[in-house]
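Here are some notes to read alongside the model. Take the points in order and keep the viewer open.

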Amino acid sequence: MINTTNGMMSPSSSTSANNTQSPGLKTYFKTPEGRYKLHYEKTHPAGLLHYGHGKTVTQVTLAHLKDKPASASPPAPPSTYSTGGVRSAAARLLGSSNGSRALSFVGGNGGSKSVSGNGRIGSIGVSSLSNPTGTSNFDGKGTYLIFNVGDAIFICDLNTQDKDPIKSIHFSNSNPVCHAFDPDAKDGHDLLIGLNSGDVYSVSLRQQLLDLGKKLVGAQHYNKDGCVNSSRCTSIAWVPDGDGAFVVAHADGNFYVYEKNKDGAGDSSFPVIKDQTQFSVSHARYSKSNPIARWHICPGSINSVAFSTDGAYIATVGRDGYLRVFNFSREQLVSGGKSYYGALLCCAWSGIIDNEMMLNSMDGKYLLTGGEDDLVQVWSMEDRKVVAWGEGHNSWVSGVAFDPFWSPPNSDGTGENVVYRFGSVGQDTQLLLWDLEMDEIVVPLRRCPGGSPTFSTGSQSSHWDNACPVGTLQPAPSIRDVPKISPLVAHRVHTDPLSGLIFTQESVVTACREGHVKIWMRPGVAEIQSSNSEALLSTSSKDKQSGKVGGNSYKQNNHQV
């Protein structure tokens with residue numbers, strides 16, 4: 001059973017009843033702090049999938065809906081048609097509960113327009129799955145997993161044991177491929193959706209969960225029919241504290257900056273790119289245009305983009321194997337470098353959660369990248385170069401993320417030598433966990449001409465050459481010049497290649513490219529939830545007994561009065 005009041009999950013939602021664990025896969029893995037246990041899985045009904053537009057890799061987004069005032073405006077009427085797609089940009093879980101109380105709240109839609117007419121994407125059917133009455137018991141808050149498979153988007157309640165999604169959205173003419181959620185959106189539109197066709201949508205997740213119809217409601221359409229860029233969307237991200245601004249990366253090496261409150265149909269023509277190998281930024285000619293800017297990054301595909309927590313920097317990784325870091329407001333290249341081999345597929349910024357305030361401290365000192373060289377690379381913003389390579393995967397690295405909720409045992413996090421925990425997943429079906437402590441890493445000293453490098457321990461800043469000049473892209477380093485780190489844990493978590501992972505306060509979420517999601521509870525969490533569940537059951541039983549006695553006493557007292 002699930003306690004929807006406090007969002008805690010009891011032992012009955014663990015791996016036994018509702019999870020079909022594949023042979024040879026363990027339901028736990030060990031770390032120095034204890035066991036991570038497979039609590040439950042989320043997946044999709046196989047009969048609803050269609051692959052008419054080819055298969056796409058599943059990405060997963062964590063969406064935390066905060067409380068909204070009950071006086072919010074009613075939803076906009078359903079549009080004639082609209083579409084959506086998805087991508088992973090993980091929204092942090094800061095405590096949640098998906099209560100089942102029916103409230104009068106309805107999510108607002110901001111000032112955006114509904115999409116109507118006869119567009120290229122066509123109609124979307126929305127079906128309710130595990131809940132035959134739709135989402136009528138949705139109370140305006142909670143935490144959800146959003147993931148794409150084939151031509152559909154699925155939405156699951158993170159805090160229930162139900163394996164099937166609570167809602168699915170299907171697309172007739174294009175596949176959803178990327179998505180992002182903004183937990184701090186100032187109006188109803190908090191979910192971005194990118195399609196294989198290049199079309200982009202912003203919608204209100206809350207409004208979709210409240211709607212019982214079969215069409216996506218209140219969607220704003222951008223790059224309609226590929227009018228600005230007809231290449232595939234590859235990555236999408238909200239600009240932190242950007243007042244509704246977001247970026248969309250494409251397979252042709254460009255990303256565009258949009259403002260969600262502007263009409264997506266405005267004229268946006270940009271000059272022809274004269275040199276595909278050179279970075280350039282062009283701005284729209286008119287104030288009403290959307291997108292408002294085009295950034296040309298590289299000749300090939302941009303595979304992923306990620307903002308630093310404060311929104312000051314944006315990182316991109318691409319088919320050409322380069323990580324590039326830009327000052328977003330100044331539109332300037334800061335640093336970057338090439339992978340050891342092949343394309344880079346994913347990237348993530350470091351961050352630390354303030355345990356008292358449950359806020360990200362905007363660390364931003366390191367970047368992780370992964371790709372076709374099977375390595376996890378650690379990049380230093382201070383040194384503007386690779387400072388460590390993680391060796392442990394046997395195939396391409398498809399997802400990386402820092403764990404902002406983890407802290408070393410017996411550490412208050414105030415010491416100068418901060419230890420970072422991060423994870424990676426790959427096409428080898430493995431989840432790897434790593435600990436990064438720069439003061440203990442073995443760092444090559446400067447190499448003498450014609451000689452081999454010597455090594456020492458300590459801060460990398462005192463041993464490496466001076467930081468690379470600003471705006472310089474570094475070539476691929478020699479494999480013997482970069483310190484190596486080994487994984488703390490290597491665990492095969494799925495039978496299919498993995499596509500992403502998310503860290504939450506209570507769990508680690510892993511997803512495979514075929515659309516199966518697993519939630520691994522942190523050490524101690526399952527035990528705490530078990531004791532809480534038992535206490536709640538005991539309290540409930542006592543309340544029932546005391547309720548009968550109380551009723552009799554109330555009647556007797558009334559009679560005496």
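**Notes on the predicted model**

1. Let's start with Asp 241, which is exposed at a relative accessible area of 75% (exposed means over 50%, buried under 20%, and partly exposed in between, with a 1.4 Å probe and protein chains only). You'll find Asp 241 in the loop between S14 and strand S15 (245-250). Asp 241 isn't a glycine, yet its phi is positive, about 55°. Asp 243 is in the loop between S14 and S15 as well, and it also has a positive phi of about 55° without being a glycine. With 58% relative accessibility, Asp 243 counts as exposed.

2. Some ground rules. This is a predicted model, where local features need pLDDT of at least 70 and side-chain atom pairs count only at pLDDT 80 or more, while totals for chains, interfaces and linings use all residues. Residues are numbered from 1 along each chain as its sequence is written, and side-chain values use heavy atoms, leaving out hydrogens and water.

3. How confident is the predictor? The average pLDDT of the protein chain is 76, and 66% of the residues score at least 70 (pLDDT is the predictor's confidence in each residue, from 0 to 100). Over residues 1-19 pLDDT stays under 50, and the model has 55 contacts there beyond four places in sequence (a contact means heavy atoms within 4.5 Å). Residues 356-360 also stay under 50, with twelve such contacts beyond four places in sequence. Where pLDDT is low, the predicted coordinates should not be read in detail.

4. On the overall build: the protein chain has two helices and 39 strands (DSSP runs numbered from the N terminus, with helices being H or I of at least four residues and strands E of at least two). Of its 561 residues, 54% count as buried. Among contacts in the protein chain with a separation of 6 or more, 66% are between residues 24 or more positions apart.

5. Which residues have the most contacts inside the largest nonpolar core? They are Ile 146, Ile 155, Ile 193, Leu 205 and Leu 209, in a core of 19 residues (a set of buried Ala, Val, Leu, Ile, Met, Phe, Trp, Tyr and Cys residues joined through side-chain atoms within 4.5 Å). Elements that each supply at least two residues of this core include strand S7 (142-149), strand S8 (152-157) and helix H1 (205-210). S11 gives the largest share, three residues.

6. Now the aromatics. There are 20 aromatic pairs, counting rings of Phe, Tyr and Trp (its six-membered ring) with centres within 6.5 Å; planes under 30 degrees apart are stacked, over 60 edge-to-face and the rest tilted. Take Phe 307 and Phe 328: the ring centres are 5.1 Å apart and the planes at 85°, so this pair is edge-to-face. The pair links distant parts of the chain, with Phe 307 in strand S19 (residues 302-307) and Phe 328, 21 residues away, in the loop between strand S21 (322-327) and strand S22 (332-338). Both Phe 307 and Phe 328 are buried. Ring pairs also join them with Phe 255, Phe 279, Trp 295 and Phe 326 in a cluster.

7. Two charges over rings are worth a look. The charged end of Arg 421 sits over the ring of Trp 406, 4.3 Å from its centre, and that of Lys 338 sits over the ring of Tyr 322 at 5.9 Å. The rule here asks for NZ of Lys or CZ of Arg within 6 Å of the ring centre and within 35 degrees of the ring normal.

8. Next, a few serines. Ser 235, in strand S14 (residues 233-238), is buried with a relative accessible area of 1%. The side chain of Ser 235 reaches the backbone nitrogen of Val 305 at 3.2 Å. Ser 301 lies in the loop between strand S18 (293-296) and S19 and is buried too, at 10%. Among the residues that Ser 301 touches, beyond four places in sequence, are Arg 232, His 250 and Arg 319. Ser 478, by contrast, is partly exposed at 31%.

9. Pro 291 is in the loop between strand S17 (280-283) and S18.

Note on methods. A polar contact is a pair of N or O atoms within 3.5 Å; within protein, one must be able to donate a hydrogen and the other to accept it, and residues adjacent in sequence count only if both atoms are side-chain atoms.
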